[in-house]
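I open this entry with the charges of the chain and then turn to its fold and its nonpolar cores.

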Amino acid sequence: VRLGHKVKIFDALPVAGGMVRVGIPPHRLPYERMDWEIQQVLDEGVELQLNTYIDDIPGLLRKDEAIGRPDGGPYDAVLIATGAHVAKKVNIPGNEHPDNWLSLDFLKKVCLGNPPDLHGHKVAVIVGGNVALDCARSAVRVGAEEVRMIFRKPKGEMTGFEWEVEIAEEEGVQMC
């Protein structure tokens, strides 16, 4: 935009911000600040279209008969910035159970304000990285009766930040 190009962002999500918005829960990231940052970009002239999943990149590109693109859209170039929207299930028995949620799916629901109803439920979070800590702390915030993090390695070998482990324990997350 600053170089004079017309720029449009297509986002499949109903909110702007990508993985930052749906992968980092609100207790860790002030959404008001992120909204302000996004508005600064929009105020410079970037256009934003939400709830739009793109599955035809060539269809976005400008027509150019000289290079074999007789059909297409209005754009000279496309930048693909998909984020890291993929989580993996741990390879353990029962990982296909319907109440076994992937971390990013759970966080996305929490971040979009549509968390699962965990009131009165006990929740186990397996593994001990920062995303697992985000899930455990979010489960506490959405009303889980009990939240336990279950490590596959000794607690001292977990990859989550030590300071965040301490905060999670203060908030009631049990470490096993």
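I looked up the charges: the mean positions of the 20 positive and 27 negative charges of the chain lie 2 Å apart. I counted Lys and Arg as positive and Asp and Glu as negative, leaving out His and the chain ends; each charge was placed at NZ of Lys, CZ of Arg, CG of Asp or CD of Glu.

I note that this is a predicted model, in which local features need pLDDT of at least 70, side-chain atom pairs count only at pLDDT 80 or more, and totals for chains, interfaces and linings use all residues. Residues are numbered from 1 along each chain as its sequence is written, and side-chain values use heavy atoms, without hydrogens and water.

I read the order of elements as β-α-α-β-α-α-β-α-β-α-β, from DSSP runs numbered from the N terminus (helices H or I, at least four residues; strands E, at least two). The C-alpha radius of gyration is 21 Å, well over the 16 Å of the globule rule (2.2 Å times the number of residues to the power 0.38) for 176 residues, so the chain is more spread out than a compact globule.

I then examined the largest nonpolar core, which has 25 residues. Such a core joins buried Ala, Val, Leu, Ile, Met, Phe, Trp, Tyr and Cys residues through side-chain atoms within 4.5 Å; buried means under 20% relative accessible area with a 1.4 Å probe, protein chains only. Val-125, Val-147, Met-149 and Met-175 have the most contacts inside this core. Helix H5 gives the most to this core, with 5 residues. I also found a second, separate core of 5 residues, including Tyr-31 and Cys-111.

Methods
Buried < 20%, exposed > 50% of the residue type's maximum accessible area, 1.4 Å probe, protein only.
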